[in-house]
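Please keep the sequence and the structure in view while reading.

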Amino acid sequence: MGRQKKPYPTGHFRLRCPKNYDKTKLYPIEIEYIFGGRAIRRNMNISVLVADWNPNGNGGRGEIRASMPDSVRFNNLLLAKVNKVDAGLNEYNQKFPGQVNEEIIVSFLDDKPITRKDRGEDFIEFVNKRLDSEYSRNKIGYSRYKNGQSAMNIFRMFLIATGAGTYKPDSLYVGEVSPDLIDKYIKWRRDFKNNSDATINHSLTPILKGCEAACALGLIDREINAGIQDMRIQEKASLEAEGEKEFDGHNLTKEQLAKLVEFYNSDTEPRRKEFIEMFLFAFHACGLRIVDVMTLQWNHIDFEKRELSKVLIKTSKRHKIPLTQPALRILRKWQAMGRRKKYVFDLVKDELSLNDADSLYRARNTATKCVNQSLRVVGEKLNFPFPLSFHTARHTFAVLAINDGLTMTVVSRLLGHSSTDITEKVYARLLPQTLTAQVERLNYSFMPEDLI
C-alpha cells in the first residue's frame, strides 16, 4: 500500500541561477511550494554565491554554507519563513480539511490574512441553527420546524450518495452551495427518491431560505444566491399558486368609475377619500392587489423611468409595470404628504418587516378589513350592484383592458400572472364575447352578390 499523499505541500529553498552560472556572481534564494504540478515561488531577498549554497542541507530544504559570512543569521531567517508558512498551511488544513489550494498558499507566502468568506460554517448546521432560532422565537410552527429538519437530513443523504460532500462525506461549507449543486440535488430527488415537483419544492424551502440568510450575512455572493433562489421548480400554473380566484363578475364600468371620481370630489371624509385614492391607484397601476399596494415602498418607484418594480407578496415573483400619469399624480401627492419614509401609503407602519410572515398577515387583514368597510359604504351610496371592494380595482382594470383591445398576453403580464393560462382561467367568462368582438373587427366581406 503506497504512502498517503499529503493534502498540502511543504516548502523548500532553491537558488535561482542558470546552468552556466558565474562563480563570482550572487544569485537570489527563493522559497518554493509545488502544488498541482505548479511551482509557487517567492524571492527571499537573500543572495549568495553558488559555492555557498547547499541544496541538500537542512533535510533537503536547502541552506547556506558556513563559508558565507553571517550564514547562521540568514539560515535562521529562511527557516523562520518556511516554518511559518508550513505551520499556517497545517493549521488551515486542520480547520478546513482538503481546502488548501494555490490561492491559499500564495496568501501565506505573502503574509496576507487567511479567512474564508463563509467563515468555515457548515451549511447543514447553519440551516438547522436558523430553524432552531425561528422555532424558539415562534416564527415557525412545530410541523414546519420538523419538516425543515427532515429536509436537511435528506440533503445530507444526498451529499453522501453522490459524493458531493467536501470536507466530510456528508458535509460542505456554506460558500460551496451553488446552483449546480441544487440542480444535482433536484435530479437526485426525482431519479432516486421519485419525488414529485411539489414535494421537491417543499424540501427546497429551508435550503433556499438558508442561502438567503447566508447572503445577508455576506457568507454567499449575491450573484450565486440569486441563481440558487431561481432553482425552485416552476410548477404548472394554477389559480391557487397565483393567489387568484375565478372572476366573480364584480367590475366597474367606465360610467361607474366616473361616478366614483365624482363622489371623491364631493366627499368630506378625508380618510375615505384616501382609500378611494388607493383604489384608483391600484386600478391605474394595472390592477395591483391590496397587499402589494399596502407594501409598496418608495424604492419600488422609478419616477424617471415611470415604472414600478416590486416582488409580489402572493407569488414572490418580481413584477415590473409602466406607471401612467394618473398613477404618478397619486404617488406625487402622497410623496408631498410625507406620511411614511419607507412605505408609500400609510396602511402599515415603517417598522413592518416583510420577512415576518405573521406580522404581515395581521397587517394585511387589518388593512383589508378597514379599506373594504369604507369602500362598501361608497358602493352603497352609488347604488353599485355588488359590494365594492379593493379587489374590484384589479378586476376592473383587467376587464376594461381586455374589452378595449389589449391582448390576453399583455393583460397577463400587466397583472403579474405567470402565463396567459391563469388570465384565461380567471376571466374565462369574458372570452366568448372578447373573441366575437375580435372577429368582428376583421370585417371580411368576401361574398357572392346573390348572397348579400
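Asp302 has Glu307 as its bridge partner in β7. The two strands involved are β6 (residues 301-302) and β7 (residues 307-311), which pair in the antiparallel sense over 2 bridges. Strands count as paired if DSSP finds at least two bridges between them. Strands are DSSP runs of E with at least two residues, helices are runs of H or I with at least four, and both are numbered from the N terminus.

The model is predicted: local features need pLDDT of at least 70, side-chain atom pairs count only at pLDDT 80 or more, and totals for chains, interfaces and linings use all residues. Residues are numbered from 1 along each chain as its sequence is written, and side-chain values use heavy atoms, with hydrogens and water left out.

## Hairpins

The hairpin of β6 and β7 has 4 residues between the strands. Arg306 takes a positive phi there, near 55°. β7 also pairs with strand β8 (residues 318-322), in the antiparallel sense, over 5 bridges. Here Lys310 stands opposite His319 in β8. The β7 and β8 hairpin has 6 residues between its strands. Ser316 sits in the turn with a positive phi of about 60°.

A further hairpin is built from β2 and β3. β2 pairs with strand β3 (residues 38-48) in the antiparallel sense over 8 bridges. Glu30 stands opposite Asn43 in β3. Between the strands there are 2 residues, and Gly36 in this hairpin has a positive phi near 60°.

## Salt bridges

How many salt bridges does the structure hold? There are 25. The criterion is a side-chain nitrogen of Lys or Arg within 4 Å of a carboxyl oxygen of Asp or Glu.

| Arg14 | Glu32 | 3.8 Å |

Arg14 and Glu32 form a salt bridge. That pair links distant parts of the chain: Arg14 lies in strand β1 (residues 12-15) and Glu32 in strand β2 (residues 27-35), 18 residues apart. Glu32 is buried, because its relative accessible area is 7%. Buried means under 20% relative accessible area, exposed over 50%, and partly exposed in between, with a 1.4 Å probe and protein chains only. Arg14, at 25%, therefore counts as partly exposed.

Asp346 is buried at 14% relative accessible area. Arg271 is partly exposed at 31%. Elsewhere, salt bridges that share partners join Arg14, Arg16, Glu30, Glu32 and Arg41 into one network.

## Helix α4

Does the span of helix α4 agree or disagree with its residue count? Helix α4 (residues 123-136) has 14 residues. The expected span is 1.5 Å times one less than the number of residues. That gives 20 Å, and the end C-alpha atoms are 20 Å apart, so the two agree.

Asp122 caps the N-terminal end of α4, with a side-chain oxygen 3.1 Å from the backbone nitrogen of Ile124. Such a polar contact is a pair of N or O atoms within 3.5 Å; within protein, one must be able to donate a hydrogen and the other to accept it, and residues adjacent in sequence count only if both atoms are side-chain atoms.

The buried residues of α4 are Phe123, Ile124, Phe126, Val127, Asn128, Leu131 and Glu134. They pack against α5 (142-162) and α7 (197-216), where contact means heavy atoms within 4.5 Å. Just after α4, Asn138 takes a positive phi of about 60°.

## Positive phi in loops

Asp70 has a positive phi near 65° and is not a glycine. Asp70 is found in the loop between β5 (63-64) and α2 (71-95). At 42% relative accessibility, Asp70 is partly exposed.

Asn383 is another non-glycine residue with a positive phi, about 60°. Its loop runs between α13 and α14 (391-403). Asn383 counts as exposed, because its relative accessibility is 67%.
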